[in-house]
Amino acid sequence: MTAIRLGRERLLGYGIGSVGTGVFSAVPGLLLLYYLTDVLGVPAAVAGFVLVAPKIWDVLLNPLVGAASDREAVRTGRRTRLLAIGSAALPVTFALMFAVPGDVPGALWAGAAFLLAASAFACFQVPYVALPAEMSPGQGERTRIMSWRVVCMTAGILVAGGLAPAVVDLAGGGRAGYAVMGVTVGAVMAAALAWATLATRWVPSTPGPRPLGPVAAFRLARGNVPFFVLLAAFVTQALAVAVMLAGAPYVAAYRLGDYGLTSVMFVCLVGPSMLAVPGWAWLARVHGPVRCYLAASAGFCGVTLALVPAVAAGGTAATLALTALAGVCYAALQLLPLSLLPDTVHADAARTGHAQAGAFTGLWTAGETAGLALGPGLFALVLTVSGFVSAPVESPVAQPAGALAGLLLGFTALPALLMLISLPFVVWYGRLTTTKETL
């Protein structure tokens, strides 16, 4: 069956949703931990718990949302209802995360708002990730879809990393600055999510032949070994990137001497990935997506190790240059696994007779959510163990040498180790899919 080439309007209509999801994926990991410890004065251990606990709920929720999305698709032939719920609720709950009233414990308010925001995110993200498998049956066309999505997601992440800290500074910093940032970035998120919800109503969803409950869906899905191996690689890498994002404000403030460099570091990491996506898509067509995925993963590992001496020496230029090089590899870490994911869904449909894209993307999003959530929590653990002293930004304190060493290694060596752990899973996936193709 020849895949119909999708027009740019439909590609953009789908991809634009990733501006909103990219914002939500990045901002809590980049700013929420720092907001809790250095603006609200919450101890690092408590702040880490606040970041992780809502995401634990989200990990449990995502598979349920996936099964619900498949049931909706069986009944209506669309996944629009959950997309609409998520697009309406997420921007509001996001803004509330950074609008802690003065008479309410900051950790309690931010944690509750984060829990609600994570739930709204699941309602949008799970059916959203399921759509590419239903937009086209062709692997090459799905790579085009994912290329547009990754470029839009990169734009969203740039909004998060570049605009959000800048808005905080322009609004005067402190609680007020973060509150203004929450509303501003939330408005950008609302526009992107609503656009994607309306623009993807044409996508026909036919998981059939009958709706499955979450337990039955998981039982059917667990035989898809390539999916779970690919998921293991992706989650481990998401954790590595999340640790780096959480560490960026601390490295900027305490190792490079300027918190304002947080935005610059973030742009250096994410900006090159937007330019690199077409190059990685071309390389994947020529050399194969798995081989390119492995090369990018190893490259990211090497670059983060090279950051250790650069950051330790306080070399701003070297740190930014290496961060940009990591961004080139980061583009492939987003594009290639997301391009391979629909292949595992289609292969499983041939095995089971159920094209349950929602069930698989529910599990995928749960894993991604776990990685993104555990990243800041893991970095908070590094801060706690190394003796980091939390204090409001109005009353700064000198950090002990152990804390300075801890945040350095948490930003560099720890992500490198996690990326190294992911490499065997990428190799395993390649062997599994090569074996299937040769049978």
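The points below go through the predicted model step by step, from its overall make-up to single residues.

1. Basis of the note. This is a predicted model in which local features need pLDDT of at least 70 and side-chain atom pairs count only at pLDDT 80 or more, while totals for chains, interfaces and linings use all residues. Residues are numbered from 1 along each chain as its sequence is written, and side-chain values use heavy atoms, with hydrogens and water left out.

2. Overall make-up. The secondary structure consists of 16 helices and 0 strands, where helices (H or I, at least four residues) and strands (E, at least two) are DSSP runs numbered from the N terminus. Of the 439 residues in the protein, 58% are buried; buried means under 20% relative accessible area, exposed means over 50%, and partly exposed lies in between (1.4 Å probe, protein chains only). The protein exposes about 15,900 Å², of which carbon and sulfur atoms supply 71%; such areas come from the Shrake-Rupley method with a 1.4 Å probe, and for residues only the protein chains shown count as cover. Among contacts (heavy atoms within 4.5 Å) with a separation of 6 or more, 84% are between residues 24 or more positions apart.

3. Salt bridges. A search of the whole structure finds 2 salt bridges, each being a side-chain nitrogen of Lys or Arg within 4 Å of a carboxyl oxygen of Asp or Glu. Asp70 is joined to Arg79, with the closest N and O atoms 3.0 Å apart, and the side chains of Arg79 and Glu134 meet at 2.7 Å, N to O. This second pair links distant parts of the chain, 55 residues apart, since Arg79 sits in the loop between helix H3 (44–76) and helix H4 (80–97) and Glu134 in helix H6 (residues 132–135).

4. Nonpolar cores. A nonpolar core is a set of buried Ala, Val, Leu, Ile, Met, Phe, Trp, Tyr and Cys residues joined through side-chain atoms within 4.5 Å. The largest has 129 residues, and those with the most contacts inside it are Tyr178 and Met181; the largest share of this core, 17 residues, comes from helix H10 (residues 225–255). Leaving aside neighbours within four places in sequence, Met181 is in contact with Leu31, Phe94, Phe98, Ala164, Val167, Val168 and Gly186. Apart from this core lies another, of 7 residues, among them Val65, Ala68, Cys123 and Val126.

5. A nonpolar surface patch. Ile56, Trp57, Leu60 and Leu115 form a nonpolar patch on the surface, with about 380 Å² of accessible area together. Patches are made of residues with over 30% relative accessible area and no salt bridge, like charges being joined within 9 Å and nonpolar side chains (Val, Leu, Ile, Met, Phe, Trp, Tyr) within 5 Å. H3 gives the most to the patch, with 3 residues, whereas Leu115 is found in helix H5 (residues 106–130) and counts as partly exposed at 32% relative accessibility.

6. Aromatic pairs. The structure holds 15 aromatic pairs; rings of Phe, Tyr and Trp (its six-membered ring) pair if their centres lie within 6.5 Å, and planes under 30 degrees apart count as stacked, over 60 as edge-to-face and the rest as tilted. The rings of Phe234 and Trp364 have centres 4.6 Å apart and planes at 25°, so this pair is stacked. Because Phe234 lies in helix H10 and Trp364 in helix H14 (residues 357–386), the pair ties together parts that are 130 residues apart in sequence, and both residues are buried. Tyr250 and Phe379 form a tilted pair, 5.5 Å centre to centre with 40° between the planes, and this pair links helix H10 to helix H14 across 129 residues. Tyr250 and Phe379 also belong to one aromatic cluster with Tyr34, Tyr254 and Phe388.

7. Two single residues. Ser297, placed in helix H12 (residues 289–312), counts as buried at 0% relative accessibility. Not counting residues up to four places away in sequence, Ser297 touches Gln237, Leu333, Met419, Leu423 and Val426. Leu417, in helix H16 (residues 413–438), is partly exposed with a relative accessible area of 46%. Leu417 and Ala240 are 177 residues apart in sequence, and their C-alpha atoms are 8.2 Å apart in space.
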